Each structure stands twice: as structure tokens, then as C-alpha cells.
Amino acid sequence: MIAHSIFFYTFSIIAIVSAIMVTASKNTVHSVFFLILDFISISCLFIMIGAEFLGMIMLIVYVGAVAVLFLFVVMMLNVAQQKNQWFASEASSKHIPVGLIISTLIFVELIIVIGGWKYKPDLFDLNNSLELAKVSNTHSLGQVLYTDYIHVFQISGMILLVAMIGAIVLTFRKRVGVKTQSYISQISRERSDGVSILKVESNKGVKIDD
Amino acid sequence: MEYLNIFLDQVYKILFLLVPVLVSVAMIVWLDRRVWAFVQKRQGPNVVGPFGLLQTIADALKYVFKEIIIPSSSNKVIFILAPIVTMTLALISWAVIPFSATQVLADINVGILYLFAVSSLGVYGIIMGGWASNSKYPFLGAIRSAAQMVSYEVSIGVIIINVLLCVGSLNLNDIVIAQQNLWFVIPLFPMFVIFFISALAETNRPPFDLPEAEAELVAGYQTEYSGMMYAMFWLGEYANILLMCAMGAILFLGGWLSPIEIYPFTLVPGPLWLILKILLLFFLFALVKAIVPRYRYDQLMKLGWKVFLPLSLVWLVLTASFLFYFNLLPVN
């Protein structure tokens with residue numbers, strides 16, 4: 001038990017400190033690295049409460065994909081050179097009230113959501129039966145996700161799909177005059193398409209490629 | 001005292017796993033160079049030790065005694081962290097590899113997800129190294145490799161789901177045992193081919209070694225590294241390649257199972273079969289390096305997103321429908 005609590009406090013302290021450092025660090029790229037550290041320690045906490053599937057998915061999705069793209073964007077935008085101060089400068093200080101209002105709103109919303117949370121009525125029975133049957137974490141998650149919550153699950157998938165299509169539509173622009181490689185046309189090219197034999201009269205020359 | 005005993009027991013087990021892995025990484029580098037040389041009708045390293053087997057050890061010693069140069073304009077902490085991250089991630093994933101039904105350091109429920117997660121973290125060593133060097137070539141190499149590794153992970157993930165559909169468990173030992181009658185390489189052969197090619201791309205091996213394409217980028221993300229730090233990148237890279245081979249062996253070639261369950265084959269212990277399968281896959285890796293020219297970057301991306309991803313998704317639907325129709329879905 002002692003070892004368990006030592007690990008718990010270590011990971012939670014790392015998570016909180018790195019979450020603070022995300023906003024406080026002066027270099028944007030460092031912020032992203034702290035965010036990654038935060039994700040990793042949170043997935044360790046997930047594993048500690050026995051939700052090993054969620055912990056691993058957290059690592060794969062957030063650390064392995066989302067944060068990589070995040071880092072990619074931050075590096076490409078070259079905002080790494082911007083040194084933001086510990087406290088906001090004159091120019092950006094007028095955004096503070098707006099930011100405060102929005103963050104308070106989100107905080108209140110979160111509290112409302114958590115306060116009004118209703119557990120599935122037979123959750124505790126389910127929990128006991130699962131424990132008796134020694135079903136793995138992944139298995140029980142799948143059993144709930146694909147039966148009782150299948151519609152919510154699919155709707156969330158559709159929302160992600162719509163967001164993805166929206167991002168592609170917003171950023172897609174058709175460029176003209178770009179030479180792209182087409183395997184089909186390369187492979188299906190015949191001798192008659194590319195080669196033609198011309199009779200050239202001496203001292204006259206011939207005009208090709210007009 | 002009790003905790004100390006548990007701790008020492010674990011340390012002993014870990015050392016027993018890691019030292020052979022590190023030694024085999026050295027041997028695998030030698031094998032890689034030998035195969036490469038033989039394809040090109042050269043001798044390859046054959047001077048140091050018998051058949052040149054100690055060449056890699058000699059190289060590593062040379063790296064240890066070289067000076068570590070840290071560029072003055074680099075971001076020093078991240079610059080030093082990058083090779084450490086690469087090396088650590090390459091080694092920790094060996095914890096879940098089952099060498100036989102009982103010989104596995106951590107027999108966790110979500111073994112395959114752990115392997116996938118750690119291999120998807122591998123990109124950070126490269127990005128960190130490339131960015132912290134504060135130089136153009138390493139940065140370009142890092143950007144390339146980030147895009148490349150994220151793209152090919154997607155198809156590897158779908159291929160893993162293909163295998164999981166046939167197994168019904170995320171545990172690596174269960175995956176091996178499920179192949180007792182039929183290795184997955186036979187029913188899922190196209191997936192095996194795609195997995196092999198994606199593994200090449202995931203480990204930045206030729207023909208997908210664009211992050212370190214020497215003709216364009218000097219040495220990509222490793223350009224500014226020297227001495228031991230370079231050697232750590234290099235060790236991490238080869239340990240990752242071995243790991244990918246092990247993953248291929250476990251997912252498709254039946255892990256530690258012997259090919260046929262009859263008398264002379266059953267005498268060979270399980271770990272040896274796994275090692276033989278890893279070596280077979282690595283031999284293919286080395287051959288590909290020797291005989292295939294490097295891809296162009298846009299072709300690489302096209303291959304990943306427009307060929308492999310749709311193909312593996314279609315195969316996933318096919319596998320699922322087949323298993324469902326013939327009532328073969330594993331239910332436990």
C-alpha cells in the first residue's frame with residue numbers, strides 16, 4: 001500500500017507541476033514538452049487505478065499522435081522564438097478579463113456536469129459481476145461501449161468525422177499548374193504515344209513539339 | 001527488507017533481459033553490414049574478432065572515447081535528452097515480449113497496446129534531437145520523420161486490429177497461443193506484407209530512410225551529434241528494428257511456437273524459435289536495405305495514406321465479416 005501511495009503522489013505531483021509549467025514556461029516548444037509529460041503521468045495514473053486500456057489509449061492517441069502534430073505545428077509556425085513572459089505584457093493584458101470569464105464559465109460547466117452525473121442504475125451490480133467473472137478491463141469496456149452506449153459512441157465518431165472533413169474543406173485549395181505524378185499514365189504509356197519517326201530532309205530540319 | 005528483495009529480484013530479471021538485447025543489437029549491426037556487403041559482392045567487416053563479429057564492439061569503444069560536442073546555440077537540455085529518450089524507449093518495450101509461455105518480464109493484459117504506444121513514442125527522440133540542434137538539416141530531418149512515423153503508425157494500428165480480431169485478447173502470450181494451429185501469416189498474408197513495409201518506414205530503414213537521407217540532409221536529425229550520444233541514437237535505432245522484427249514474429253509468425261508440433265521440432269526451446277524468427281525478419285530488413293533505392297518523399301506519403309491505409313481498412317472489414325459469417329469470432 002505504501003508503494004502504491006508513493007507512486008500515486010509522485011505521478012500526481014508531476015502531472016500538476018507540468019500542467020502549471022505548460023502555461024508558465026517561456027518557450028512554446030517547452031510548453032508542448034511539458035504537456036506531453038502531463039499526458040504521460042496522467043496515463044500512469046490511469047494504469048494505477050486499473051484502467052490499463054484507457055492509459056494505453058491515452059498514450060497512443062494523445063502522446064503518440066495529437067502531441068506530435070501539436071509539436072509539429074508549433075515548430076513549423078516558428079513561435080518557438082517568441083519569449084512569453086511570466087506575466088502578461090502590456091499589449092496582451094487586455095485579454096486577461098475575457099480569458100478569466102471564459103475559464104470561469106468552463107470551470108462552472110464542468111462542476112455542473114459532474115454534479116448532475118447519473119451513473120448507470122445497475123453499475124454497481126455490473127461492477128460486482130465483472131469482478132466475479134474476472135473479465136479484463138478492455139473486455140468490460142467493450143461490453144458497455146458497444147451495447148448500452150452504441151449510439152453515443154457512433155455519434156461521437158460522426159462528430160470527429162465531420163470535424164475532419166471540415167478541416168480538410170477549410171484548408172483545401174486547388175492549385176493549378178502543379179505537376180503531379182500519375183502512376184496510371186506512366187504505366188499505360190505506349191511506344192506510339194512517345195515516339196514518332198519523321199523523315200527529315202537534309203539541310204531542312206524539322207519542327208517538333210509545337 | 002521485503003520491498004528491497006522484490007526490487008532486487010526485478011533488477012536481476014531486467015538485467016537478464018537487457019544485456020542479451022544489447023549484445024544482440026551489436027551482433028545485428030554486424031549482420032546488417034555483412035548482408036549488405038555480400039549483396040554488393042564485398043566482404044564487409046571481417047577483421048576484428050572471428051568473422052569480424054567484434055567490429056561493432058570496437059566501433060562502440062571508439063564512440064565512447066570520442067569527444068561529445070554540444071553546439072553552442074542548441075537547446076542543451078533537450079539536446080542531451082533526445083538520445084536518452086530514443087534509447088530508453090527502444091529498451092523498455094522489451095519488457096512485454098514473451099520468450100515462451102512463462103518467460104516474460106511483464107505479462108500485462110494490454111501488451112500489444114503497450115508495444116504500439118511505446119513505438120509511437122519513438123518519434124520524440126528524433127523530433128527532440130532535430131529541434132534542439134537548432135540547425136537546418138536536423139530540423140528538416142525531424143519534420144520529415146515526424147510526418148512519416150505518424151503516417152505509418154496508422155496502418156500498423158489497423159493491422160494490429162486485424163490480428164486482434166482473430167485473437168480476442170490484447171495479451172501477447174494469448175496472441176501467440178491463438179496461432180497454435182495456423183500462423184496468422186497465412187490467412188492475413190497481405191497484412192503481413194503491409195506490416196513489414198510499414199515497419200521499415202516506422203524504423204526509418206531504407207528505402208524509407210528520408211529523415212537521415214545522406215544525399216540531401218547530411219545525416220538528418222543526427223547531424224550535430226557525436227561520440228556516445230550518436231552511438232546511443234544508433235543503438236536505439238537498431239534496438240527498435242529488432243523490436244519491430246519481434247513484433248512481426250509475434251503477430252504473424254507464431255512467436256515462440258515451433259513451426260510443426262512433431263518430435264524433432266519440439267525439442268528446440270521456445271525462445272530459440274522466437275530468436276530464429278526475429279533473425280529471419282531482420283535478414284529481410286537487411287536485404288531490403290541492400291537492394292531497394294530510396295523513395296521520394298511524396299511517394300512515401302502517398303504509399304502510406306492512399307495505399308496502405310485503405311487496403312488495411314478494407315482487409316479489416318473483410319476479416320471481421322469473414323469471422324462473423326463463419327461464426328469464428330473468438331468469444332471468451
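Figure 1. Of the 210 residues in chain A, 13% are buried (20 or more other C-beta atoms within 10 Å of the residue's own, with C-beta atoms placed from the backbone). Chain A holds nine helices and zero strands, running α-α-α-α-α-α-α-α-α from the N terminus. Here, helices are DSSP runs of H or I with at least four residues, strands are E runs of at least two, and both are numbered from the N terminus. Take the contacts (C-beta atoms, placed from the backbone, within 7 Å) between chain A residues at least 6 apart in sequence: 53% of them link residues at least 24 apart.

**Figure 2. Where chain B meets chain A.** Chain A brings 17 residues to the contact and chain B brings 18. On the chain B side, helix 4 (111-121), helix 5 (123-132) and helix 6 (136-167) each give two or more residues. Helix 4 of chain B gives the most, six residues. By type, this side of chain B has 15 nonpolar residues, two polar and one charged (nonpolar: Ala, Val, Leu, Ile, Met, Phe, Trp, Tyr, Cys and Pro; charged: Asp, Glu, Lys and Arg; polar: the others, Gly among them).

**Figure 3. A closer look at Ala90(B), in helix 3 (residues 76-92) of chain B.** Ala90(B) counts as buried because 27 other C-beta atoms lie within 10 Å. Leaving aside residues up to four places away in sequence, Ala90(B) touches Gly236(B), Ala239(B), Asn240(B) and Leu243(B). Phe233(B) is 143 residues from Ala90(B) along the chain, and their C-alpha atoms are 9.9 Å apart.

**Notes.** Residues are numbered from 1 along each chain as its sequence is written, and chains are lettered from A and ligands numbered from 1 in the order in which they are written. As the model is predicted, local features need pLDDT of at least 70 and side-chain atom pairs count only at pLDDT 80 or more, while totals for chains, interfaces and linings use all residues.

Note on methods
Two residues are in contact if their C-beta atoms, placed from the backbone, lie within 7 Å. A residue is buried if 20 or more other C-beta atoms lie within 10 Å of its own, exposed if 12 or fewer, and partly exposed in between; C-beta atoms are placed from the backbone.
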